Amino acid sequence: MSKSNRAKVENFSSNLEGLKVRVFLMLIKMAIKANSAKYDMTEKKINYTLRHMQKGTAVQWMISKVTEAETTRSYRTWENFITDFTKAFISDNKEKDAKRKLFHIKQEGKMVIKYNNQFRDLATRAKITDFATLSEIYT
């Protein structure tokens, strides 16, 4: 496969939204399928995926998986790895996800109005309406 035909897989960050996490995983699977001769073993598939987990708390998860493999001297199966990844990074609980994001949101160069809109949206999705609680979270 020529370089121009390859899908570029960006490094994964655990701060991504659910859809972006699913897209990341889909791109990983597509790259592995397109290069099936190269990624013909579970260990190669998992190592390829872990190499793209270098941002945010995804790094901690990657380290734990590498440590687990070193301790047991092997990875389990590709299917088990995907299941573990999905449980760790894809949540069906939108309220819980919004709460988690709300406690980590930062303005960091965003215009105040954009930050306020994002904060209100997350507070609504997190179902937090108490003014005192919202005031405590707001930074």
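Modeller: A quick definition to start: a crossing of two helices is right-handed if the near helix is turned clockwise from the far one by less than a right angle, and left-handed if anticlockwise. Keep in mind that this model is predicted.

Colleague: Okay. Which way does α3 pass α4, left-handed or right-handed?

Modeller: The crossing of α3 with α4 is right-handed.

Colleague: At what angle do the axes of α3 and α4 cross?

Modeller: Roughly 150°, and the axes come within 12 Å. Here α3 covers residues 58–72 and α4 covers residues 78–89. Angles over 145 degrees count as roughly antiparallel, so that is how α3 and α4 lie to each other.

Colleague: Which residues make the contact?

Modeller: From α3, they are A58, W61 and K65. From α4, they are F81, D84, F85, A88 and F89.

Colleague: And by class, how many are nonpolar, polar or charged?

Modeller: Six residues of that contact are nonpolar and two are charged, with no polar ones.

Colleague: What lines the largest cavity?

Modeller: I46, K65, E68, Y75, R76, T77, F81 and D84. Both α3 and α4 take part, each supplying at least two residues of that lining.

Technical notes. Residues are numbered from 1 along each chain as its sequence is written. This is a predicted model: local features need pLDDT of at least 70, side-chain atom pairs count only at pLDDT 80 or more; totals for chains, interfaces and linings use all residues. Side-chain values use heavy atoms; hydrogens and water are left out. Axes are lines fitted to C-alpha atoms, for helices over the stretch in contact, and angles run from 0 to 180 degrees between N-to-C directions. Helices (H or I, at least four residues) and strands (E, at least two) are DSSP runs, numbered from the N terminus. Angles under 35 degrees count as roughly parallel, over 145 as roughly antiparallel, 65 to 115 as roughly perpendicular and the rest as oblique. Contact means heavy atoms within 4.5 Å. Ala, Val, Leu, Ile, Met, Phe, Trp, Tyr, Cys and Pro count as nonpolar, Asp, Glu, Lys and Arg as charged, and the others, Gly among them, as polar. On a 1 Å grid over the protein atoms alone, a cavity is a set of points where a 1.4 Å probe fits but cannot get out, and a pocket is an open set with protein on both sides within 12 Å along at least five of seven lines; lining residues have an atom within 4 Å of a point.
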